[in-house]
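Student: I would like to learn how to read a protein model from its computed features. Could we go through one case together?

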Amino acid sequence: MIPAAFDYERASTLDEALELLATHGADAKIIAGGQSLLPLMKLRLARPDRLIDIGRIASLRGVRRLPDGRLGIGALTSYAQLLDDPEVMDLALMADALPRIADLQVRNRGTIGGAIAHADPAADMPALLLALEAEVVARSATRGERTIPIATFFEGAFSTALAPDELLTEIRLPSPSGSYGSAYRMLEQQASGFAIAGVAAVVGRTGAGAGNGVDDRARSIDDVRVAVTGVGDMPYRAITVEEALRGTGLTDSAVGAAVADITRGISVQGDIHADQAYRTAMVEVMARRALSAARDRLG
Amino acid sequence: MATTVPVRLVVNGRAVVVEVEPRRLLVDVLREDLDLTGTKVGCDTSQCGTCTVHLDGRAVKSCTVLAVQADGSVVRTVEDLAPDPDHLHPLQAAFVEHHGLQCGFCTPGMLMTALDLLARVPDPSDGEIRDALQGNYCRCTGYQSIVESIKAGAAAMREGVPMPGAEA
C-alpha cells in the first residue's frame, strides 16, 4: 500500500520545525517515528498535503532530570529508549507497560510524543501519563512555550489541545514526595495488542503528617489516581473511584466496591472484540488488579 | 507534488543515492530500486515483521518507514548476513540446523529481529526470545523451532564461530 502523494519537509532544528508549522500548520502533519501515522496514510485514512519530519531534531530526544526534580522526556524519545532508561523504569507502571507496547521493531521507531499527539483512544501511554499527572510542553513560533496539564490535553478520539501551529516538545513527570506505588494492567486485543481495557493506578501516602512520630505504614493512602484507556472515546481519570478509595487503605473489599463506578458517566465503546457489557466487566477487573498491585508495591 | 528527492543511504556497507518520491516506503526502495529482494513484504501493515531491516543498528519494519525518513542512515538487510550460500551467518546456520524455517518467507524478518535482540542480550532466555518475536509471524513451523534456532545461533555467536564479513 502506498500513501497518497504529499510534499515533504525535514526540519533540522526546533525553530525550523516551528517556522514550517507556522506557515503550513493547517495542511501539514508532523511525522516523528511514523508508527501511528504511516499505517493510516497507507490505508489513506489520512491524506496530509504535507509532512514535516521532525525525526532528526536531536534536542527533542532523550530523558533529563529537570532542576526542580521532575523528569523531562523529550517528545522524540522512543519506547526503546524509555525501556533503557533506569529512571523511567523505576516507575512501576512504566515497567509494567513499556515491554508490552506494540513490538520490538515498533518500539524502536515509535515515540512518546507521537503516541500522545496521535491520541488513539486505546493507546497505553495516555493512561500512564494521566495517572502520573504529567505536563505536556508545547511550542509555537509566534506564542512561544506553554504547558498543558495532561488532564486537559486529550479532547476526544485522535484529538488534542495542541493548536495547528504547536509542536509537542516535552513531557514532564512530577516526582512527588512521600511513598508511592503504581501499576498498569490491561486486557489486550490479541491481534492488534491495543487495550480492550487498560487501567493505570498510582497510589501514595503523601508527605502530610511526616515527622510527627506516626509510622509511615500507619498513615492512610491519601493520593489515589486511576486512569483508563480503551473504554471511552478518550482516556480518562476515574474520579469517582479515586474519591471513594482515598483514606480507605485500599483493602480488597474497598477496591472491589469502588471499581463498580469506573465507567460512571462514560459512554463505553462496543466493537467486535468486546461489547459494552464485556468491556465494562473487564475494565473493573483491570482496575482491581492495577489498584491492588499498586497498593502492594507501596513502600 | 510527485517530485522526487535524493535519499542517501549506506546499505549493507555500500553508499547509494536514490531519487524517490517522498511517499515511497523503505521496503519498496530496497526491493525495487536496489534489487535487495531478501527483505519481504508480507502483511504491509506493520504486523508480520518479514520486512524487518536494521536502521542505524536497530530493527525496524521497513514497510512502515518512508525512504526519505531514512536519508543519511545506515541500513542493513538480510543480504548482508552471509557473503555467499556456502558461508552462512551462524544464526542462519542455526535456522537450517534446527528447522527454524519451512517456506522461508518470514525468515529474513526473524533473523534481523533476533540479531537486534542478540546485540543487546547475547544469551537470552526462551521468554526473552519469544517477547522479541512478538512482531514476527511464522505460519509454517510454529515458533518452537525458531526459538531453538535463535538459542543455538546465539550460542554459536557467543563462541565466536568465524563468519567472514558479518558482525552481530
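Predicted model: local features only at pLDDT ≥ 70, side-chain atom pairs only at ≥ 80, totals over all residues.

Student: Let us begin with the secondary structure. How many helices and strands does chain B have, and in what pattern do they follow along the sequence?

Tutor: Chain B has five helices and five strands. Their order along the sequence is β-β-α-β-β-β-α-α-α-α. The C-alpha atoms of chain B fill a box of roughly 50 × 30 × 25 Å along the principal axes.

Student: And what does the secondary structure of chain A come to?

Tutor: Chain A has eleven helices and 14 strands. A compact globule of 299 residues would have a radius of gyration near 19 Å, and the 20 Å of chain A agrees with that. Along the principal axes, the C-alpha trace of chain A spans about 60 × 50 × 30 Å.

Student: Which percentage of the residues is buried in chain A, and which in chain B?

Tutor: The cut-off is a relative accessible area under 20%. By that count, buried residues are 54% of the 299 residues in chain A and 51% of the 168 residues in chain B. Accessible surface is read separately: chain A has about 12,200 Å², with 49% belonging to carbon and sulfur atoms, and chain B has about 7,100 Å², with 52% belonging to those atoms.

Student: How are contacts read against sequence separation?

Tutor: Take the contacts with a separation of 6 or more, and ask what share joins residues 24 or more positions apart. That share is 64% in chain A and 58% in chain B.

Student: What about charge: how many positive and negative side chains are there in chain A and in chain B?

Tutor: Chain A has 31 positive and 38 negative side chains, and the centres of the two sets are 3 Å apart. In chain B there are 14 positive and 22 negative side chains, with 4 Å between the two centres.

Student: Now a single helix. How should I read which way its residues point?

Tutor: An α-helix has 3.6 residues a turn, so residues three or four places apart point the same way. Now take helix α2 of chain B, residues 90-97, in which the buried residues are Pro90(B), Leu91(B), Gln92(B), Ala94(B) and Phe95(B). The buried residues of α2(B) pack against α3 (107-120) and α5 (144-158) of chain B. After α2(B) comes His99(B), with a positive phi near 55 degrees.

Student: Which other residues have a positive phi without being glycine?

Tutor: Among them are Arg44(A), with phi near 60 degrees, and Ala102(A), with phi of about 50 degrees. Arg44(A) is in the loop between α2 and β3 of chain A and is partly exposed at 35% relative accessibility. Ala102(A) sits in the loop between α5 (92-97) and α6 (104-109) of chain A, and its relative accessible area of 34% makes it partly exposed.

Student: Is Pro48(A) buried or exposed, and where does it lie?

Tutor: Pro48(A) is in the loop between α2 (37-42) and β3 (50-53) of chain A. With a relative accessible area of 10%, Pro48(A) is buried. Leaving aside neighbours within four places in sequence, its contacts include Ala5(A), Phe6(A) and Met41(A).

Student: And Ile31(A): is it buried or exposed, and what is it in contact with?

Tutor: Ile31(A) lies in strand β2 (residues 28-31) of chain A and is buried, at 0% relative accessibility. Beyond neighbours within four places in sequence, its contacts include Leu37(A) and Leu51(A), as well as Leu66(B) and Gln69(B) of chain B. Gly55(A) is 24 residues from Ile31(A) in sequence, with 7.1 Å between their C-alpha atoms.

Key:
Residues numbered from 1 in each chain as written. Chains lettered and ligands numbered in written order. Heavy atoms only, no water. Helix = DSSP H or I, 4+ residues; strand = E, 2+ residues; numbered from the N terminus. Buried < 20%, exposed > 50% of the residue type's maximum accessible area, 1.4 Å probe, protein only. Contact = heavy atoms within 4.5 Å. Areas by Shrake-Rupley, 256 points an atom, 1.4 Å probe, with all protein chains shown as cover. Lys, Arg positive; Asp, Glu negative; His and termini not counted. Charge placed at Lys NZ, Arg CZ, Asp CG, Glu CD. Rg over C-alpha atoms; globule rule 2.2 N^0.38 Å.
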